[in-house]
Amino acid sequence: MHSLQKQFHDFIHAKHLVKKGEKVLLAVSGGLDSMVMAHLFLAEKIPFEMAHCNYGLRGDESDGDEAFVMKWADQNGINCFVKAFDLMGSIQLEARKARYQWFDELVAEHNFDKIATAHHLNDSLETILINLSRGTGIKGVAGISMKKAHIIRPMLFAEKQHLYDYAMEQGLEWREDSSNSKTDYDRNLLRHDVVPELLKLNPSLFKNFGLTIERLTHASAIVNARVDDIRSQFLTQKENGFELDLNWIKNSSDELILAELLAVFDVNYVTSKEIFEARGKSGKSFPTNEWLVTMDRNALFIGAVDVEPAEEILIETSGEYELNGHRIIVELVTNEEVVFGASHVAYFDADILKYPFLIRPWREGDKFQPFGMRGSKKVSDYLIDAKIPLVAKKKVLVLECESRVAWLINRRISEAFKISENTSEIIRISFFEKET
């Protein structure tokens, strides 16, 4: 067994990334990293299928990547899903959002247990350097997470050079992305100009970095546990916001805990330091974009800024509507017009989503079956799990049909209203956020 194969085997088992009998969906671009990952999964005899995203950004080169991945999958008897995307706006952010939404749809439809991406040690180091250059907390210096929900990164044990050496020794083929050679992206600039200089300073950079990441991950877990404990004991929800009792603060290191607690209220680290120093100075206020934090003796009152009154609208037929500055387009479309990937666009089985239906603010007690889940979930719990701030929660709308929530708008549709291979007519609803 090759040393990289053994490291891969030991890593996924020691970290419990893939359990026996689980089926994994591999995100495969056709590049070196993902092709090595596919080869390692094949050698390990772990059941897997593949998913390839074609963004069409490099013309024939993108189509060549797709053809290459499909050919490899066919030669190795692996099922491969392919999807073409039409991106708008910030390409990198839109691409990431679109592919993970598609991956989640594949997981729900085909019962995959995990999604595996080919991020490795170099990617993690680059991420930390980017975060450090922009300013970050303890989470930002812990690198790329090894496991998050059903997403795993089974290649984080390896550095890029080791993947290249393995591919050459095994005679693997892969595709080169010409855009990776350009330095107009922050990550490429670090990859080509910064990291090589760091390696000159210390040839053992990645070995030491891997150990550092392990320690920082443990440190982050300790901080998170402390934050969760303080939040459960000292943060109380009030009618118009929250109250945070500060009597838990004992020493200067608690400044970090306070910063982590206040981060969800859009309080940056500089402001949290000012709040820490202002303890006991009643009446002093600290405004953020959506909150006003006010000191009262040894407690903080965190109140949401005023939110415009919510409205609702009854949709009785196809057409274009306006709701409180939002634009809504409801139309009947064909299967050929279905393009997943945009969160503001949802598709529904017209035999299930029946007119008239209502778009309204969500209410306490609302429940729905999030797409891909077997059971129902309270909308309030879904928003808490998604860490949606209070002000944003007040603005969340739902689409209600026959007293059932069919869509948590621009977030997740209901499994009960999704389209399937048996769907004969499809309703597409596009909900455009209010322009500011």
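This is a predicted model: local features need pLDDT of at least 70, side-chain atom pairs count only at pLDDT 80 or more; totals for chains, interfaces and linings use all residues.
Side-chain values rest on heavy atoms, with hydrogens and water left out.

Strand 7 (residues 235–238) and strand 8 pair in the antiparallel sense over four bridges. Here, helices (H or I, at least four residues) and strands (E, at least two) are DSSP runs numbered from the N terminus, and two strands pair if DSSP finds at least two bridges between them. The two strands are joined by a hairpin through two residues, and the bridge partner of Q237 in strand 8 is F242. Strand 8 (241–245) is also joined to strand 11 by five bridges, and these two strands run antiparallel. In this pairing D245 stands opposite A299 of strand 11.

Strand 11 (299–304) also pairs with strand 10, in the antiparallel sense and over six bridges. L292 has G303 of strand 11 as its bridge partner. The hairpin of strand 10 and strand 11 has two residues between the strands, and R297 in this hairpin takes a positive phi near 55°. Strand 10 in turn pairs with strand 9 (residues 285–287), antiparallel and over three bridges. A hairpin of three residues joins strand 9 to strand 10, and S285 has T294 of strand 10 as its bridge partner. Buried denotes a relative accessible area under 20%, exposed over 50% and partly exposed in between, with a 1.4 Å probe and protein chains only.

Helix 9 is described next. Eight of the ten residues of helix 9 are buried, so this helix is largely enclosed by the rest of the structure. The buried residues are D254, E255, I257, L258, A259, E260, L261 and L262. They pack against helix 8 (205–234), strand 8, helix 10 and strand 11, contact being defined as heavy atoms within 4.5 Å.

Helix 9 (residues 254–263) and helix 10 (residues 269–277) pack at an angle of about 125°, with their axes 9 Å apart. Helix 9 is therefore oblique to helix 10. Axes are lines fitted to C-alpha atoms, for helices over the stretch in contact, and angles run from 0 to 180 degrees between N-to-C directions; angles under 35 degrees count as roughly parallel, over 145 as roughly antiparallel, 65 to 115 as roughly perpendicular and the rest as oblique. On the side of helix 9, the contact is made by D254, E255, L258, A259 and L262, and on the side of helix 10 by Y269, S272, K273, I275, F276 and E277. By class, this contact has six nonpolar, one polar and four charged residues. Ala, Val, Leu, Ile, Met, Phe, Trp, Tyr, Cys and Pro count as nonpolar, Asp, Glu, Lys and Arg as charged, and the others, Gly among them, as polar.

Two open sheets were also assigned. In one, four strands are arranged in the order 13-14-22-15 with antiparallel pairing. Strand 13 (319–323) and strand 15 (345–349) are the edge strands, each pairing on one side only. Neighbouring strands of this sheet are turned by 20° against each other on average, direction ignored. Strand 14 (residues 326–333) and strand 22 (residues 426–432) run antiparallel and are joined by seven bridges, with F432 as the bridge partner of R327.

The other open sheet has five strands in the order 12-16-19-20-21, again with antiparallel pairing. Its edges are strand 12 (313–315) and strand 21 (412–413), each of which pairs on one side only. Four bridges join strand 16 (residues 357–361) to strand 19 (residues 397–401), and the two run antiparallel. The bridge partner of L358 in strand 19 is E400.

K393 lies in helix 12 (residues 390–395) and is buried, with a relative accessible area of 19%. Apart from neighbours within four places in sequence, K393 is in contact with W362, L383, I384 and I388. L383 is ten residues from K393 along the chain, and their C-alpha atoms are separated by 7.1 Å.

How values were computed
Residues are numbered from 1 along each chain as its sequence is written.
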